[in-house]
Amino acid sequence: MNTLPKVDQLSIRKEAGPRGISQFLFQEPRLKRDQLRVVRTGLVSKPTQGLSSYAGFVWPFVDQLFREVFELD
């Protein structure tokens with residue numbers, strides 16, 4: 001039995017810091033090993049914040065930025 005929540009049922013995770021960023025863009029990974037980590041779900045969400053509040057994540061710093069910004073491992 002799968003106990004993981006469905007992606008479309010998860011709440012929005014906000015940044016741990018004062019800006020409260022909840023949306024981000026990240027560069028398409030160039031390395032094959034990083035490309036294999038990206039899962040396209042087909043889900044499309046409406047923006048919940050203004051354009052000035054987006055964070056940009058670039059590979060190979062995605063793991064570090066997820067830890068720093070969203071406190072995720």
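## Exercises on bridges, rings and core

Arg37 counts as partly exposed, at 45% relative accessibility (buried means under 20% relative accessible area, exposed over 50%, partly exposed in between, with a 1.4 Å probe and protein chains only). The model is predicted: local features need pLDDT of at least 70 and side-chain atom pairs count only at pLDDT 80 or more, while totals for chains, interfaces and linings use all residues. Residues are numbered from 1 along each chain as its sequence is written, and side-chain values use heavy atoms, with hydrogens and water left out.

**Exercise 1.** Determine the order in which helices and strands follow one another along the sequence.

*Solution.* Begin with the inventory, which comes to two helices and two strands (DSSP runs numbered from the N terminus, H or I of at least four residues for helices and E of at least two for strands). Reading along the sequence then gives the pattern β-α-β-α.

**Exercise 2.** Find the salt bridges in the whole structure, and state which parts of the chain Asp63 and Arg37 link.

*Solution.* The search finds three salt bridges (a side-chain nitrogen of Lys or Arg within 4 Å of a carboxyl oxygen of Asp or Glu).

1. Asp63 and Arg37 meet with an N to O distance of 2.6 Å. This pair links distant parts of the chain, 26 residues apart, with Asp63 in helix 2 and Arg37 in the loop between helix 1 and strand 2. Asp63 is partly exposed, at a relative accessible area of 33%.
2. Arg40 bridges to Glu28, with the closest N and O atoms 2.9 Å apart. Here, too, distant parts are linked, 12 residues apart: Arg40 is in the loop between helix 1 and strand 2, and Glu28 in the loop between strand 1 (24-26) and helix 1. Arg40 is exposed at 59%, whereas Glu28 is partly exposed at 48%.
3. Asp34 and Arg33 form a bridge of 3.9 Å, N to O. Asp34 is buried at 8% relative accessibility, whereas Arg33 is exposed at 58%.

**Exercise 3.** Classify the geometry of the ring pair Phe57 and Phe70, and name the residues of the aromatic cluster.

*Solution.* The structure holds three aromatic pairs (Phe, Tyr or Trp rings, the six-membered one for Trp, with centres within 6.5 Å; planes under 30 degrees apart are stacked, over 60 edge-to-face, the rest tilted). The Phe57 and Phe70 rings have centres 6.2 Å apart and planes at 55°, so the pair is tilted. Because Phe57 lies in strand 2 (residues 55-57) and Phe70 in helix 2 (residues 62-70), the pair ties together parts 13 residues apart in sequence. Both Phe57 and Phe70 are buried. Phe66 and Phe70 also form a tilted pair, with 6.2 Å centre to centre and 40° between the planes, and these two residues, four apart in helix 2, are separated by about one helical turn. Phe66 is partly exposed at 21%.

**Exercise 4.** Identify the element that gives the most to the largest nonpolar core.

*Solution.* This core has eight residues, namely Ile21, Ala55, Phe57, Trp59, Val62, Leu65, Val69 and Phe70 (buried Ala, Val, Leu, Ile, Met, Phe, Trp, Tyr and Cys joined through side-chain atoms within 4.5 Å). Strand 2 and helix 2 are the elements that give two or more residues, and helix 2 gives the most, with four.
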